Amino acid sequence: MYLDHFGLKESPFGLTPNTQFLFQSKGYREALNVILFALSSGEGFVKIVGEVGCGKTFLCRKVLHQLTHPEYVTAYLPNPLLSSQELYRAFAGELGLSTDTRKGFQYLLREITHHLIQLVGQGRKVVLLVDEAQSLPDKTLEALRLMTNLETEQRKIVQVVLFGQPELDERLRHKKFRQLRQRITFSYTLPSLDREETHQYLAARLKIAGVPGHALISSRGVRLLHQYSGGIPRLINILAHKSLLAAFGKGNRSVLASHVKRAAQDTEGVVSRLNMNTLWLTLLGAAGLAGGAAWFYFQGVLP
C-alpha cells in the first residue's frame with residue numbers, strides 16, 4: 001500500500017521469517033556460535049530460549065541453512081504438539097523413511113535405529129531441530145531424551161537443538177525432567193535488541209527494501225520504536241509497519257514520533273507497556289512532589 005509512496009521495492013517489516021532480511025545482532029551471533037560449536041563437538045542436546053518474537057524461528061532456519069554440508073543430515077519439527085509415537089514418525093519422515101503405520105511402531109523404531117547406524121557408519125551427523133519446544137508434551141520430551149540414547153564411543157548418534165520460550169526452562173526445572181536437563185550441555189538465552197541495535201535493525205531492513213533507514217524514520221521515532229517494543233524484533237516489525245501506514249495516511253514522507261505513538265496505541269502487547277510507562281511517570285511525579293513538600297516542611301517554609 002505504501003511502497004510507492006516511500007520509494008520501497010518491497011515490504012521491509014513482514015512477520016514471516018525471511019533470511020534475506022537477516023540481522024545478526026550480538027545475541028544472534030552468540031547463539032549461532034553456541035549451536036554450531038555444540039554440534040561440532042558431538043553433544044547431545046542444545047537449548048536456545050527466547051521471549052516470543054525474539055527471532056528463534058529465524059535462527060532455527062539459519063542453522064538449517066548452515067548445515068547443508070553432506071556431513072550433516074537434518075530433521076526439522078516446527079510443530080511439537082505430537083505424541084511420542086507421532087514424534088518418531090515425524091522424525092522418520094524427515095529422514096526419508098517410510099511411516100506406514102500398518103507395519104507397527106516397533107518396526108518403525110528398528111528402521112530408524114538401523115538407518116541412523118548406517119548414517120554414522122558413513123561419517124555423517126544427524127541433527128534434529130525442534131521449534132516451539134515449550135509445547136512438547138511430557139511423554140514426548142521423555143521420548144526425545146530416549147532418542148539420544150544411541151551413541152558411539154565418541155559421540156551421540158542423534159543431536160537435538162531445542163528452541164523454546166522461557167516456559168521451557170520452567171518445565172525443565174521439574175524433578176521428572178532431571179535426566180533430560182543433565183543432557184543439555186550447551187544453552188543460551190536470546191536477549192532483546194538494545195537501542196543501538198534497534199536503530200541498526202531498522203536501517204538494515206529499510207536499506208534492503210530500497211531506502212536508507214536514516215532517510216525514512218526520525219531519530220525520535222527510532223527511540224520510541226525501541227521503547228515501545230522492548231527491543232523484540234517481531235514487535236519492532238509490527239510497530240514500524242503501522243508507523244509507515246500512519247505516515248502514509250497523513251501524506252508524510254518520513255515516520256515521526258507521532259506516527260509511532262499512534263501505532264503503539266493500536267498494537268496488542270504494547271498498550272500495557274504504554275500504560276506501565278504512564279503509571280511509572282505518575283508515581284515518579286508524585287514522589288517528586290512529596291519530596292519537594294518534605295524539603296519545604298523541614299526548611300520551615302510550610303507549616
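Mentor: Helices (H or I, at least four residues) and strands (E, at least two) are DSSP runs, numbered from the N terminus. This is a predicted model, in which local features need pLDDT of at least 70 and side-chain atom pairs count only at pLDDT 80 or more, while totals for chains, interfaces and linings use all residues. Residues are numbered from 1 along each chain as its sequence is written, and side-chain values use heavy atoms, leaving out hydrogens and water.

Trainee: How many helices and strands are there in the chain?

Mentor: The chain has 303 residues. By the DSSP runs, its elements are 13 helices and 5 strands.

Trainee: What percentage of the residues in the chain is buried?

Mentor: Buried means under 20% relative accessible area, exposed over 50%, and partly exposed in between (1.4 Å probe, protein chains only). Of the 303 residues, the buried part is 44%.

Trainee: Among contacts between residues at least 6 apart in sequence, what percentage joins residues at least 24 apart?

Mentor: Contact means heavy atoms within 4.5 Å. Of the contacts between residues at least 6 apart, those joining residues at least 24 apart make up 75%.

Trainee: Which word describes H2 relative to H3?

Mentor: Helix H2 (residues 26–41) packs on helix H3 (residues 56–66) at about 45 degrees, with the axes 11 Å apart. Axes are lines fitted to C-alpha atoms, for helices over the stretch in contact, and angles run from 0 to 180 degrees between N-to-C directions. Angles under 35 degrees count as roughly parallel, over 145 as roughly antiparallel, 65 to 115 as roughly perpendicular and the rest as oblique. The relation of H2 to H3 is therefore oblique.

Trainee: How many nonpolar residues does the contact of H2 with H3 have?

Mentor: Ala, Val, Leu, Ile, Met, Phe, Trp, Tyr, Cys and Pro count as nonpolar, Asp, Glu, Lys and Arg as charged, and the others, Gly among them, as polar. Tyr-28, Ala-31, Leu-32, Ile-35 and Leu-36 of H2 meet Phe-58, Leu-59, Lys-62, Val-63 and Gln-66 of H3. With 1 polar and 1 charged residue in this contact, the nonpolar count is 8.

Trainee: Which residues outside its sequence neighbourhood is Val-63 in contact with?

Mentor: Val-63 sits in helix H3, and because its relative accessibility is 0%, Val-63 counts as buried. Its C-alpha atom is 10.0 Å from that of Asn-33, 30 residues away along the chain. Leaving aside neighbours within four places in sequence, the contacts of Val-63 are Leu-32, Ile-35 and Leu-129.

Trainee: What covers the buried residues of H3?

Mentor: The buried residues of H3 are Lys-56, Phe-58, Leu-59, Cys-60, Lys-62, Val-63 and Leu-64. Their cover includes H2, strand S1 (45–49), strand S2 (72–77), strand S3 (125–130), strand S4 (158–164) and helix H9 (195–209).

Trainee: What is the hand of the crossing of H10 and H12?

Mentor: Helix H10 (residues 219–229) packs against helix H12 (residues 257–265) at about 20 degrees, with axes 8 Å apart, so H10 and H12 are roughly parallel. A crossing is left-handed if the near helix is turned anticlockwise from the far one by less than a right angle, and right-handed if clockwise. Here, the crossing of H10 and H12 is right-handed.

Trainee: Which residues of H11 does H10 meet?

Mentor: H10 and helix H11 (residues 233–250) pack at about 135 degrees, with axes 9 Å apart, and are therefore oblique to each other. From H10, the residues in this contact are Leu-225, Tyr-228 and Ser-229. Their partners in H11 are Leu-235, Ile-236, Leu-239, Ala-240 and Ser-243.

Trainee: How far is the backbone nitrogen of Arg-195 from a polar atom of the side chain of His-226?

Mentor: His-226 is in helix H10 and counts as buried because its relative accessibility is 17%. A polar contact is a pair of N or O atoms within 3.5 Å; within protein, one must be able to donate a hydrogen and the other to accept it, and residues adjacent in sequence count only if both atoms are side-chain atoms. Beyond four places in sequence, His-226 is in contact with Leu-193, Asp-194, Arg-195, Thr-198 and Gly-231. From the backbone nitrogen of Arg-195 to the side-chain polar atom of His-226 is 3.3 Å.

Trainee: Which side chain does a polar contact of 2.4 Å join to that of Glu-142?

Mentor: Glu-142 lies in helix H6 (residues 138–147) and is partly exposed at 28% relative accessible area. The 2.4 Å polar contact joins the side chain of Glu-142 to that of Arg-145.
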